[in-house]
Amino acid sequence: MIENTKMQNFEMQDDDAIEVLHLKVEAKQAGLRLDKTVAQLAPTFSRTRLQNLIEAGECLVGGVVVTTPSRKVEEGEDIVIAIPLSEEAEPIPENIPLDVIYEDDDLLVINKAAGMVVHPAVGHHTGTLVNALLYHCGDSLSGINGVRRPGIVHRLDKETSGLMLVAKNDLAHHHLSEQLQDHSLTRVYYALVLGIPIPVKGRVVTMIGRHPTNRMKMAVLQYPGKEAITNYQVREVYRESFALVECRLETGRTHQIRVHMESLK
């Protein structure tokens, strides 16, 4: 049995959208490998791709993350697997006003407004920063990230406002990316959080990956996951209930600030 549901991830920037498959093991699959079972129940996807998703921690069996494709299944077990959707349509230029803070022949600094999606994805074909950049810059954008993300050196979530670097050529893109990686170019984020982080200053080092039961969210995990490091400091406290927190990231994981601030409560 298979139920196929397409869901837009309201926070996600890395995968943009995922297709969530809800499967139930039938009698004829009892005792088979997990990857073979999923391939039988979802024949539109290759077994190799499904194996890779299982190993990446994108599969739940009975509500528990399973990363071993060879794990044997039992009749009646519920399987949930998250499959990133891909969309390769080339974005079109759109006359959308941009708040340009700085511009020269190599780069732009854009003040992205909250509510603007950075690049086209499932559910957001138009009205993105990329659509606006194509109109503003014409063909003068780096192509390192492909047709869907021209010039995009780093990203911000849809509801996050702030300055973004945009590269006008590949050389500038390479140099900006290297500076972000070696931290000679730093990014500072300010988050208004409910509650007061304890301690008020520190360094959070965790693994981050998909939430074990809600695959539309990210969470602190033991395994599997990717290392995430956030240096933070409380700058202001309001009514003993809210705090303005300065965050400096050593890594750039999906929803890193949200997940790390939540872990401090």
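Two strands count as paired where DSSP finds at least two bridges between them, and helices (H or I, at least four residues) and strands (E, at least two) are DSSP runs numbered from the N terminus. By that rule, strand 3 (residues 59-61) and strand 5 pair in the antiparallel sense over three bridges. The model is a predicted one, in which local features need pLDDT of at least 70 and side-chain atom pairs count only at pLDDT 80 or more, while totals for chains, interfaces and linings use all residues. Residues are numbered from 1 along each chain as its sequence is written, and side-chain values use heavy atoms, with hydrogens and water left out.

**Nonpolar cores**

- A nonpolar core is taken as a set of buried Ala, Val, Leu, Ile, Met, Phe, Trp, Tyr and Cys residues joined through side-chain atoms within 4.5 Å, where buried means under 20% relative accessible area, exposed over 50%, and partly exposed in between (1.4 Å probe, protein chains only).
- The largest such core has 27 residues, and those with the most contacts inside it are Leu129, Leu133, Tyr232, Val245, Cys247, Ile257 and Met261.
- Two or more residues of this core come from each of strand 7 (107-112), helix 3 (129-137), strand 8 (162-167), strand 9 (188-194), strand 12 (226-238), strand 13 (242-249) and helix 5 (256-263), with helix 3 giving the most, five residues.
- Met261 is in contact (heavy atoms within 4.5 Å) with Val193, Tyr232, Val245 and Cys247, when residues up to four places away in sequence are not counted.
- A second, separate core of 19 residues includes Val25, Leu53, Cys59 and Ile83.

- Strand 6 is joined to strand 7 by three bridges, the two running antiparallel, and Val100 stands opposite Ile110 in strand 7.
- Just after helix 3, Gly138 takes a positive phi of about 65°.

- Leu98 lies in the loop between strand 5 and strand 6 and, at 22% relative accessibility, counts as partly exposed.
- Leu98 touches Ile110, Leu129, Ala132, Leu133 and His136, again not counting residues up to four places away in sequence.
- The C-alpha atoms of Leu98 and Asn111 are separated by 7.7 Å, although these residues are 13 apart along the chain.

**Strand 5 and the cysteines**

- Five of the seven residues of strand 5 (residues 78-84) are buried, so the strand is largely enclosed by the rest of the structure.
- Cys59 stands opposite Ile81 in strand 5 and is buried at 0% relative accessibility, while Cys137 is buried with a relative accessible area of 13%.
- With a disulfide defined as a pair of cysteine sulfur atoms within 2.5 Å, the count comes to zero disulfides.
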